[in-house]
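Please take a moment to look over the sequence and the model shown below before reading on.

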Amino acid sequence: MSTDQYHEPPSELSEQTRTFARMCASLSEEAEAIGWYEQRIAVEKDEAAKAIMQDSLGEEYKHFSMELEFLLRAKPQWREIAQGILFQSGDIVKRGEASEAAAED
């Protein structure tokens, strides 16, 4: 079994921590796949191929969103900070700073 996703010996980590690490790795992989599809779609000339790639991109968005939701459910502080940033208008950095400060209180 690969342990590249762990920074501590896996045998010393709880099952919950290992699952969390797997989901973080999966989230990163989905984000990477989204970037790849965006690039491919941007240069693809064949409309049928482009349509298939766009359909695949939608699947990656879905997977990314499900994995993010899993992680947010596992870490209430992360969810609290995210709620102050995601789907909000205004300056992203300012919202992030305010959200982080509120979560620390």
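What follows goes from the helices to individual residues and then to a pocket.

This is a predicted model, in which local features need pLDDT of at least 70 and side-chain atom pairs count only at pLDDT 80 or more, while totals for chains, interfaces and linings use all residues. Residues are numbered from 1 along each chain as its sequence is written, and side-chain values use heavy atoms, with hydrogens and water left out.

Helices here are DSSP runs (H or I, at least four residues), numbered from the N terminus. For α2, with 28 residues, the distance from the first C-alpha to the last is 41 Å, close to the 40 Å expected. At the start of α2, a side-chain oxygen of Asp46 comes to within 3.0 Å of the backbone nitrogen of Ala48.

Which residues of α1 are buried? They are Arg18, Ala21, Ala25, Leu27, Glu30, Ala33, Ile34, Tyr37 and Ile41, where buried means under 20% relative accessible area, exposed over 50%, and partly exposed in between (1.4 Å probe, protein chains only). These buried residues of α1 pack against α2. In α2 the buried residues are Met53, Leu57, Glu60, Glu67, Leu68, Leu71 and Leu72, and what covers them includes α1 and α3.

Apart from its neighbours within four places in sequence, Arg18 is in contact (heavy atoms within 4.5 Å) with Tyr6, Pro10 and Leu13. Glu67 lies in helix α2 and counts as buried because its relative accessibility is 12%. Not counting residues up to four places away in sequence, Glu67 touches Met23, Ser26, Leu27 and Glu30, and its C-alpha atom is separated by 9.8 Å from that of Ala25, 42 residues apart along the chain.

The largest pocket holds about 200 Å³ of space. On a 1 Å grid over the protein atoms alone, a pocket is an open set of points where a 1.4 Å probe fits, with protein on both sides within 12 Å along at least five of seven lines, and lining residues have an atom within 4 Å of a point. Its lining consists of Phe64, Ser65, Leu68, Glu69, Leu72, Arg79, Ala82, Gln83, Leu86 and Phe87. The elements that give two or more residues to this lining are α2 and α3, and α2 gives the most, with five residues.

Two of the lining residues complete the picture. Ala82, in helix α3, is buried because its relative accessible area is 10%, and beyond its neighbours within four places in sequence it is in contact with Leu72 and Ser99. Phe87 is placed in the loop between α3 and α4 and is exposed, with a relative accessible area of 84%. Most residues other than glycine have a negative phi, whereas Phe87, although not a glycine, has a positive phi of about 60 degrees.

How values were computed
Grid points are joined across faces, edges and corners, and a volume is the space filled by probe spheres set on the points. The expected span of a helix is 1.5 Å times one less than its number of residues. A polar contact is a pair of N or O atoms within 3.5 Å; within protein, one must be able to donate a hydrogen and the other to accept it, and residues adjacent in sequence count only if both atoms are side-chain atoms.
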